[in-house]
Amino acid sequence: MKKLFAIAAIAVAVMPVAAQETYENAKIVQEDLNGTARYVGMGGAMEALGADISTISTNPAGIGLFRHSNVSLSMGLVSQGDATNAVGGSTTNASFDQLGFVYSYRIDKTSFVNIGINYHKSRNFDMILSAANELNNASQNKLTWAKGNHGMVYEGKDVSYPNGNVIVEPDFKAPYITCNQLDDLYGYNLNWSDRNKDWGYDAANSYRMDRAHKGYVGEYDINVSGNINNRIYLGLTVGIHDVHYKHYSEYVEQMPSYDCLVADNREITGMGVDVKAGVILRPVENSPFRIGLSIASPTFYELKTSNYTYISDGQNKFGSYSINDSRDRTNYKFRLYTPWKFGFSLGHTIGSQVALGASYEYADYASMDTRYITGEYYDDYTDSYRTDSESDRVMNNHTEKTLKGVHTLKLGAEIKPTNDFAIRFGYNYISPMYQKDGFKDGSLSSDASYISSATDYTNWGATNRYTCGFGYSFDKFNVSLAYQYSTTKGTFSPFMSYYDQDDSINDNIATVTDVKNNRHQVLLTMGYTF
């Protein structure tokens with residue numbers, strides 16, 4: 001039983017209030033390339049070209065280029081290449097991706113006012129992550145022992161970050177988790193002063209992680225847009241984001257005499273709202289060349305997370321609390337404010353046969369704001385419950401050091417050999433969100449660290465997307481098919497590493513593993529114009 005004590009300490013911790021940790025938040029704020037098959041087939045580079053309902057969430061002025069009312073429906077399949085079914089996850093999943101409507105109203109000969117309503121899946125979480133490697137005198141178990149030994153918190157201390165590892169000063173006094181909390185959870189009657197002689201730590205020989213992510217972020221957009229004399233196009237969109245995220249993971253460390261399993265089942269749900277504005281200009285009256293500018297406010301999320309975590313050596317099982325168990329305090333609300341997003345785009349057409357687009361977007365994810373819920377009250381005016389919050393400054397400081405600004409470049413082309421048939425190509429480059437030396441820091445003096453139920457993290461690199469597709473129109477109907485291949489590489493760490501300045505034998509260096517996420521998407525859109 002004692003050999004499980006250390007891992008139990010890090011896997012399940014209890015705090016009365018909490019925010020969310022940087023790496024968990026990063027999963028929520030990222031966006032996929034998704035929408036209509038025409039938009040995806042052209043790599044999403046339609047922010048200046050417009051006249052596609054998917055621009056409602058990137059450059060709202062694009063809806064102002066519609067000259068007729070339109071309805072569209074999109075669905076398809078998403079498959080993860082080079083992955084195997086693990087812990088309940090599937091490598092191929094069906095997906096309902098978009099449903100939207102644009103009503104176009106002519107004001108005069110050259111001016112329109114349009115109203116658009118659209119749903120699209122801005123984030124598809126379906127993914128399997130697997131990693132395995134050797135360990136050298138290191139383990140999650142040993143990491144927890146070190147936290148009890150040195151009490152890893154930042155308050156009033158200087159901590160350096162060489163190559164992603166945190167140097168722990170041996171004179172830290174405040175423990176990561178208290179003996180009383182462990183007594184409440186497990187009924188143990190141990191204290192930190194007995195750790196060396198009574199239970200110490202076990203180092204693992206190797207580790208294995210399998211995690212299945214599921215769910216989505218659905219975005220519901222309402223748009224008002226129009227144009228002035230076919231030269232200036234303006235648009236405004238209000239978006240509501242609906243978050244449904246789940247993961248189940250099994251992390252196993254192979255000890256010399258037994259295997260220790262930490263299983264974690266996490267769910268995040270909630271809502272967010274943002275506002276987006278855009279403009280498209282035709283600087284030369286007789287030229288179809290267009291310039292687009294857009295800006296999106298932060299998405300103001302209010303989210304709820306809960307988890308079910310247990311630890312087992314194959315014979316004993318500890319910490320198995322469901323979200324309905326009164327002892328489980330990892331069921332909490334928090335707020336998350338994403339960064340501002342800015343866009344610049346170019347578009348040009350050659351007759352009715354060729355359309356060319358290029359778009360650039362920037363968002364500084366280091367400025368993301370993680371917030372505690374400080375109070376909840378009933379608002380008579382709105383007949384609803386409202387919450388107050390404040391920034392988790394410690395976690396936000398960690399986010400600033402761990403994440404960075406992301407640059408997105410999108411290129412696309414459409415060629416129409418005939419009036420009814422179109423061929424499309426596109427490419428995206430998305431720069432890395434994570435700093436190379438970033439890591440999930442379980443030593444932070446933040447409730448978000450105390451309550452975290454997993455120690456692993458992945459620093460994902462750049463993403464490259466390659467797209468193609470075609471479309472066919474007949475009478476007032478149109479159908480389009482698109483294919484997208486996206487590839488991202490990253491480095492997986494089972495836990496944070498550290499060097500102990502007092503005694504190098506207590507160094508606990510994680511062995512990182514190269515991982516990748518190669519994804520294929522086939523998307524079908526059916527539309528009707530009237």
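A nonpolar surface patch of about 990 Å² is formed by Val 71, Phe 101, Tyr 103, Tyr 105, Ile 107, Val 113, Ile 115, Ile 117, Ile 222, Val 224 and Phe 530. Patches comprise residues with over 30% relative accessible area and no salt bridge, nonpolar side chains (Val, Leu, Ile, Met, Phe, Trp, Tyr) being joined within 5 Å and like charges within 9 Å. A salt bridge denotes a side-chain nitrogen of Lys or Arg within 4 Å of a carboxyl oxygen of Asp or Glu. Accessible areas were computed by the Shrake-Rupley method with a 1.4 Å probe, with only the protein chains shown counting as cover for residues.

The model is predicted; local features require pLDDT of at least 70, side-chain atom pairs count only at pLDDT 80 or more, and totals for chains, interfaces and linings use all residues. Residues are numbered from 1 along each chain as its sequence is written, and side-chain values use heavy atoms, with hydrogens and water left out.

At least two residues of the nonpolar patch are supplied by each of β2, β3 (112-124) and β6 (204-228); strands (E, at least two residues) are DSSP runs numbered from the N terminus. Val 113, located in strand β3, is partly exposed at a relative accessible area of 34% (buried, under 20%; exposed, over 50%; partly exposed, in between; 1.4 Å probe, protein chains only).

Most residues other than glycine have a negative phi. In the loop between β1 (70-81) and β2 (92-106), Asp 82 has a positive phi near 60° and is exposed, with a relative accessible area of 63%. Val 87, in the loop between β1 and β2, likewise has a positive phi, of about 40°, but is partly exposed, with a relative accessible area of 24%.

Key: Helices (H or I, at least four residues) and strands (E, at least two) are DSSP runs, numbered from the N terminus.
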